[in-house]
Amino acid sequence: MPKIKYVEHNGKEHEVDVPEGWSVMEGAVKNLVPGIDADCGGACACATCHVYVDPQWTDKIPGKSDMEETMLDFAQDLEPNSRLSCQIKVTAELDGLVVRTPKSQH
Amino acid sequence: MIIGAGQAGAQAVASLRSGGFTGTLTMVGDEPYLPYQRPPLSKAYLQGTLERERLFLKPEAFYADAACEMLLNVSATAIDRTARTVALSDGRSLSYDKLLLATGTRVRPIPVPGADLPGIHYLRSIADVDLLRAAFQPGRRIAIVGGGYIGLEVAAVAAKHGLDVSVFEALDRVMARAVSPVMSDFYRGVHTAAGVKLHLRTGVERFEGAGRLEAVRAGGESYPADLALVGIGVIPNAELAAAAGLAVENGIVVDRHAATSDPSIFAAGDCTSHPGREGRNIRLECVQNAIDQAKFAALAMLGKPAVYSEVPWFWSDQYDLKLQMAGLARPGDTIVQRGDPAARKFAVFHLREGKVAAVEAVNAAPEYLVGRKLIGEGTRIDPARLADTTIAMKNIV
């Protein structure tokens with residue numbers, strides 16, 4: 001099962017196994033990783049699952065949909081490597097992925 | 001103690017513990033499951049693209065870590081406010097210092113002859129969808145009663161799945177309670193193009209069949225059907241509160257702090273009737289309200305009451321369209337349309353006294369997000385600018 005490493009804003013790391021097909025958001029929520037709210041449950045409707053993808057992984061993740069792109073536009077503390085974690089599907093290729101959570105989701 | 005194991009109940013557990021509550025915590029739920037998300041039930045879960053395991057809001061470890069005792073498959077049958085105890089269906093009685101009612105809603109049964117024939121489904125719980133899914137076979141004829149969110153989301157999944165889909169709606173447009181006529185008209189076109197037979201102004205009179213559903217009688221005609229899905233709204237689960245003498249009027253009446261008339265009892269989520277942002281009492285059926293009101297209920301239970309006045313937001317997924325809405329429209333609002341429905345990307349704003357009161361956006365996240373912000377801030381807006389798609393939403397004010 002792919003391993004995903006979540007790094008909290010304060011630097012605390014959580015490495016967890018996430019089943020293929022799940023989203024990076026689900027991997028965090030189901031493993032009690034703090035810092036990702038995901039109020040809408042992954043419907044790309046709330047923009048409260050914002051993460052920063054580790055720069056060495058940004059090219060390996062499929063691109064953003066128009067909807068994700070525009071939802072992100074309004075997230076706080078946006079960076080070029082910002083993503084909505086509910087829109088990143090976990091695959092075998094993403095084994096070892098590192099994402100960081102922002103200071104706040106609101 | 002929390003009665004109700006849904007979105008609001010789960011949020012309350014999180015908020016009570018993160019807010020510093022160190023006492024004992026118990027949750028009572030009448031379904032066999034830990035709190036789960038209901039929105040995907042009529043979408044990805046019905047479609048089979050989301051497994052049951054993924055519906056759960058929090059893993060079991062969350063409740064264990066929060067030292068919250070989960071009493072599932074049990075319902076609360078009575079509240080004794082003097083003794084501060086709750087009687088449970090398994091014969092037990094539990095005492096509380098503070099009680100949160102997060103009892104949600106149940107489906108409104110359809111009051112017509114034949115309504116109990118096998119083959120007629122409702123959609124509210126995992127169990128409901130498991131039953132419906134078993135009957136969801138390509139080629140079968142499904143009659144959907146009610147052209148609201150549930151009916152139309154199921155229609156979209158059914159059409160994609162190869163079922164022969166008919167929708168019966170008593171009113172003259174779909175989603176009439178939730179969206180503007182422009183939006184209703186757009187979705188009517190989308191469903192019709194997908195092969196769904198939409199019967200507007202057509203109330204269902206009875207279900208027909210010998211031993212199981214064979215046809216739906218509507219508008220004086222008989223439509224053959226192998227299965228039916230009834231989605232005609234919900235009823236708040238407020239009987240427990242009413243029997244305990246709490247104020248109930250279209251839901252459990254709470255104030256801006258999510259407190260009932262009893263200082264030890266609070267309520268949150270779909271089951272509450274609460275003061276809306278404009279003063280009048282409203283009852284919302286949405287994830288946003290369940291989450292936010294539960295947060296405020298937790299604050300009040302911890303002795304730190306704050307005023308709940310968040311902008312409500314909603315969404316609906318049908319086919320490849322994401323409908324996102326915020327605020328509450330009212331008859332008499334000025335309607336401003338932005339973008340062209342034919343492009344399958346547009347928004348409808350409702351203006352009241354020069355300010356945005358509500359927004360409905362199809363595949364148009366900026367319109368939705370900026371609209372939601374404008375509603376919250378009560379900013380005055382020029383309708384002509386709002387309608388002008390050459391001005392980006394970011395620069396609209």
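**From one loop to the interface**

Guide: A:Asp77 is found in the loop between H2 and E4 of chain A, where helices (H or I, at least four residues) and strands (E, at least two) are DSSP runs, numbered from the N terminus. This is a predicted model, in which local features need pLDDT of at least 70 and side-chain atom pairs count only at pLDDT 80 or more, whereas totals for chains, interfaces and linings use all residues. Residues are numbered from 1 along each chain as its sequence is written, while chains are lettered from A and ligands numbered from 1 in the order in which they are written.

Although A:Asp77 is not a glycine, it has a positive phi of about 50°. Most residues other than glycine have a negative phi. A:Asp77 is also exposed, with 11 other C-beta atoms within 10 Å; a residue is called buried if 20 or more other C-beta atoms lie within 10 Å of its own, exposed if 12 or fewer, and partly exposed in between, with C-beta atoms placed from the backbone.

In total, 15 residues of chain A are in contact with 18 residues of chain B, two residues being in contact if their C-beta atoms, placed from the backbone, lie within 7 Å. Helix H2 (residues 66-73) of chain A gives the most to the side of chain A that touches chain B, with four residues. That side of chain A holds nine nonpolar, two polar and four charged residues, where Ala, Val, Leu, Ile, Met, Phe, Trp, Tyr, Cys and Pro count as nonpolar, Asp, Glu, Lys and Arg as charged, and the others, Gly among them, as polar.

The partner helix to consider is H9 (residues 365-377) of chain B, which packs with H2(A) at an angle of about 25°, their axes being 8 Å apart. Axes here are lines fitted to C-alpha atoms, for helices over the stretch in contact, and angles run from 0 to 180 degrees between N-to-C directions. That makes H2(A) roughly parallel to H9(B), since angles under 35 degrees count as roughly parallel, over 145 as roughly antiparallel, 65 to 115 as roughly perpendicular and the rest as oblique. The crossing of H2(A) and H9(B) is right-handed; a crossing is left-handed if the near helix is turned anticlockwise from the far one by less than a right angle, and right-handed if clockwise. In this contact A:Met67, A:Thr70, A:Met71 and A:Asp73 in H2(A) meet B:Ala365, B:Pro366 and B:Leu369 in H9(B), and these residues divide into five nonpolar, one polar and one charged.

In chain B, the loop between E26 and H9 holds B:Asn363, another residue other than glycine with a positive phi, near 45°. B:Asn363 is buried, with 20 other C-beta atoms within 10 Å.

Strand E26 (residues 355-362) of chain B pairs with E23(B) in the antiparallel sense over five bridges, and B:Met325 stands opposite B:Glu360 in E26(B). Six of the seven residues of strand E23 (residues 321-327) of chain B are buried, so this strand is largely enclosed by the rest of the structure. E23(B) also pairs with strand E22 (residues 313-318) of chain B, in the antiparallel sense over six bridges, with B:Trp313 opposite B:Ala326 in E23(B). E22(B) and E23(B) form a hairpin with two residues between them, and B:Tyr319 in the turn has a positive phi of about 55°.

Terms used. Pairing = 2+ DSSP bridges.
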